[in-house]
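Hi everyone, thanks for coming.

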Amino acid sequence: MSPDDLLLAHADLRDRLFAAKLLIPSGVDGLYGRSAIFESVLQGVDAAAYALGLADEPTVMWFPPMIPRTTFEAVDYLRNFPQLCGPVFTFTGDNKAHSELVRRLDEHEDYSSSLELSEVALTPACCYPVYPSLAGQLGEDEGIYSTMGYCFRHEPSVDPMRLQAFRQREHVRVGTPDQVLDWREVWVDRIPKLLESIGLEFRSDFANDPFFGRAGRLMSMSQREQQLKIEWLVPVFGEEDPTACVSANYHQNHFGELFGITTPDAAEAHSGCVGFGLERCAVALFAAHGTDVAQWPDSVTKVIWP
Ligand code: AMP
Ligand code: ZN
C-alpha cells in the first residue's frame with residue numbers, strides 16, 4: 001500500500017470506530033475515550049492474557065501511570081527514545097512568576113519556560129516500575145510478575161492502533177539467563193493460542209525498538225541480530241503493513257545491573273517481558289469481526305466474555 005493509501009486506511013478505521021461510538025474523539029490524535037463496549041472487549045482481552053500466565057503463579061503488581069524521574073532517567077529513555085518521552089512539568093514559582101505564566105497564557109504565548117520538571121514522568125512501558133522494586137536479592141520463590149497499566153508515548157497518529165495513551169498487560173520474568181529464555185519460549189507457544197482463539201490472523205517476527213537517531217540505528221540492528229525482541233503482527237491494514245499487537249523482549253542483564261537485582265544464588269539477574277497491547281488487540285478485533293459485537297462469532301465472544 002502506498003503511504004497515502006495507508007493513511008486513508010488508518011483514517012477510515014478510526015472514523016468507523018468514532019461513528020460506532022466505540023472510541024470518543026478528543027481533538028488530539030491518539031488520545032481517545034472508550035465506550036463501555038470497547039472497554040469490555042479490552043478487559044476481556046486483558047483477562048485472557050492474564051489467565052494465560054496464571055500457571056506461572058505470578059506476583060501481581062499495580063502501579064500508577066507514572067514513574068519516578070530517577071527511574072525514567074536511569075532506564076535511558078531520554079537517550080534512546082526522546083521522541084516518545086513524557087516527563088511531567090509543573091509550576092513551582094512565586095506570585096510574580098505566576099502572573100507571568102497567566103500573562104503568557106492569556107496572550108497565547110509559549111509558557112513552557114514558566115514550568116519546572118517535576119519528580120515524575122509518564123510511564124512509557126508498564127513493566128518499568130517492576131524492576132526498581134526488585135532491587136536486592138530475589139528469594140527462591142520470586143521472579144515472575146504480572147502488571148497492567150496505562151503507558152504514554154508521544155506518537156500522535158490517525159492510526160487508531162497507534163495511541164498516545166494506551167494500556168499494556170505485561171508479564172515479567174527476572175532470573176538467570178536460562179530461566180528468562182525458557183520462560184520466553186513458553187510464551188512463544190502461548191501467544192499464538194490466544195490470538196487464534198480470538199480469531200485474529202498474525203505472524204511473528206524478530207523486531208527492534210525505535211531507537212532515536214544515528215546511534216539508535218546501530219542499537220536497532222544489534223537488537224534484531226541478537227533476536228532480543230519478537231513481535232506478533234496482525235495485518236489490520238494488509239500483509240505489507242502489519243501492526244504489532246504483542247511483543248516478547250529479552251533485556252539480558254540491562255535492568256539487573258541498573259537496579260542491582262540478583263538471583264537467589266547471588267548472580268546478576270537477567271530479565272524479559274511479554275507485553276500485550278490491549279487497545280491494539282481490541283481495535284484488531286473490531287477490524288476483524290466488525291464494529292457490532294452482536295455479530296461476532298461465538299467462538300470469539302466465549303473467550304472475551306467467558
Ligand atoms: P513495546 O514495549 O514497544 O514492545 O510495546 C508492547 C506492546 O504495546 C506492543 O506490542 C503494542 O501492542 C503495544 N503498543 C506499543 N506502542 C503502542 C501505541 N503507540 N499505541 C497502542 N499500542 C501500542
Ligand atoms: Zn516490558
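Let's begin at Thr71, which sits in helix H3, residues 69-74. A word on naming: helices (H or I, at least four residues) and strands (E, at least two) are DSSP runs, numbered from the N terminus. Before going on, please keep in mind that this is a predicted model, where local features need pLDDT of at least 70, side-chain atom pairs count only at pLDDT 80 or more, and totals for chains, interfaces and linings use all residues. Residues are numbered from 1 along each chain as its sequence is written, chains are lettered from A and ligands numbered from 1 in the order in which they are written, and side-chain values use heavy atoms, with hydrogens and water left out.

Is Thr71 buried or exposed? Thr71 counts as buried, because its relative accessibility is 7%; buried means under 20% relative accessible area, exposed over 50%, and partly exposed in between, with a 1.4 Å probe and protein chains only. Leaving out residues up to four places away in sequence, Thr71 touches Tyr128, Pro132 and Phe259 (contact means heavy atoms within 4.5 Å).

Now to the metal. The zinc ion, ligand 2, is coordinated by Cys127 (SG), Glu170 (OE), Glu170 (OE) and Cys273 (SG), at 2.2 to 2.7 Å. Donors here are N, O and S atoms within 2.8 Å of the metal (3.2 Å for Na, K and Ca), and water is not among the atoms, so sites may look incomplete. Along the chain, the donors of the zinc ion are spaced C-x42-E-x102-C. Cys127 lies in the loop between strand S6 (116-122) and strand S7 (136-137), and Glu170 in strand S9 (residues 165-175), so this pair ties together parts that are 43 residues apart in sequence. Cys127 is buried at 3% relative accessibility, and Glu170 is buried too, at 2%.

Finally, ligand 1. There are 14 residues around ligand 1, and Arg153, Glu155, Leu163, Lys229 and Ser247 come nearest (near means a heavy atom within 4 Å). For polar contacts with the ligand, think of pairs of N or O atoms within 3.5 Å. A nitrogen atom of ligand 1 is 2.7 Å from an N or O atom in the Glu155 side chain, and a polar side-chain atom of Lys229 lies 2.6 Å from an oxygen atom of ligand 1. S12 gives the most to the shell around ligand 1, with four residues. Over to you for discussion!

Definitions and conventions:
A polar contact is a pair of N or O atoms within 3.5 Å; within protein, one must be able to donate a hydrogen and the other to accept it, and residues adjacent in sequence count only if both atoms are side-chain atoms.
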